[in-house]
Amino acid sequence: IKENLYEQSILEDITKAIVNNNGGQAALVEDRAEAHFKKHPGKYNRLILIMVKAMIADMNGESLSKTDASFLADYLFNVDGWTRFELLLFGNTLSVMPLVTVNQLARELAAQLNEALEIHQNLQLNISLLYNVVLLNLSAKDLKTARLFLCVMKNSHIEDNMMAERFLIALAEALCTYCENPSSENKERVEKIVEIQKTLRSTSFFV
């Protein structure tokens, strides 16, 4: 329980610092995670420290150190069955890891997707992570891989009332179609989907 409270507290504080683009506050959270790891030098605390470093690196437009990226990838590749912790870990670090590693890990995630059906909350996280993986591949102009993960999203058993997940799938599909054929009609389709989100007052959502 203590570990869960520590993880929750660190994650809340670093997220707050990142959202406010507050480098000073983020550095304090990193110092706290570093001190905690030195006092309790276990794998779990090292992973939380790496997650904090990754979020700061992303905010500063930097990459994660090779040592940290390697330790993180090894852990995620070798863990048996991803829990919410692994999903959060991957979600908060994928933007600063090499794309080839992200895609390999996302394939692991896709393989486990059906197991996530038992835990509704994890299924929501899975869809959100896959959406980000689609975006990263589109940014790298790898439409084939983006479509592969879009296909995984579409084949997930999303219930009718899971509107946020349905929205992400529709947007990912519209973005893939636009990247394949940047016509004004396809651009309009993307903008229309984003407009719906704005109408619903999801103002923090952005593409």
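## Salt bridges

The structure holds five salt bridges. The model is a predicted one. Side chains of opposite charge can pair when their charged atoms come close.

One of the salt bridges joins R32 to D13, with the closest N and O atoms 2.7 Å apart. R32 belongs to helix α2 and D13 to helix α1 (residues 2–19), so this pair ties together parts that are 19 residues apart in sequence. R32 counts as partly exposed because its relative accessibility is 34%. D13 also counts as partly exposed, at 25% relative accessibility.

K53 forms a salt bridge with D68, and their closest N and O atoms are 3.4 Å apart. K53 lies in helix α3 (residues 43–59) and D68 in helix α4 (residues 66–78), so the pair ties together parts that are 15 residues apart in sequence. K53 is partly exposed, with a relative accessible area of 25%, whereas D68 is buried, with a relative accessible area of 9%. The cut-off for buried is under 20% relative accessible area.

Another salt bridge is formed by the side chains of R147 and E180, at 2.9 Å from N to O. This pair links distant parts of the chain: R147 is in helix α8 (residues 143–154) and E180 in helix α9 (residues 163–180), 33 residues apart. R147 counts as partly exposed, at 27% relative accessibility.

## Helix α2

Helix α2 covers residues 23–39, 17 residues in total. From its first C-alpha to its last, α2 reaches 24 Å, close to the 24 Å expected at 1.5 Å a residue. The N-terminal end of α2 is capped by N22, where a side-chain oxygen lies 3.2 Å from the backbone nitrogen of G24.

A26, V29 and A33 are the buried residues of α2. Viewed down the axis of α2, these buried residues fall within an arc of 60°, so they line one face of the helix. The face of α2 turned away from this buried side carries the exposed residues L28, K38 and K39.

## L125 in helix α7

L125 is located in helix α7 (residues 120–139). L125 counts as buried because its relative accessibility is 17%. Leaving aside residues up to four places away in sequence, L125 touches R84, L87 and L88.

L125 and D31 are separated by 94 residues in sequence. In space, the C-alpha atoms of L125 and D31 are 28 Å apart.

Methods. Residues are numbered from 1 along each chain as its sequence is written. This is a predicted model: local features need pLDDT of at least 70, side-chain atom pairs count only at pLDDT 80 or more; totals for chains, interfaces and linings use all residues. Side-chain values use heavy atoms; hydrogens and water are left out. Helices (H or I, at least four residues) and strands (E, at least two) are DSSP runs, numbered from the N terminus. The expected span of a helix is 1.5 Å times one less than its number of residues. Buried means under 20% relative accessible area, exposed over 50%, partly exposed in between (1.4 Å probe, protein chains only). The arc is that of the directions from the helix axis to the C-beta atoms. A polar contact is a pair of N or O atoms within 3.5 Å; within protein, one must be able to donate a hydrogen and the other to accept it, and residues adjacent in sequence count only if both atoms are side-chain atoms. Contact means heavy atoms within 4.5 Å. A salt bridge is a side-chain nitrogen of Lys or Arg within 4 Å of a carboxyl oxygen of Asp or Glu.
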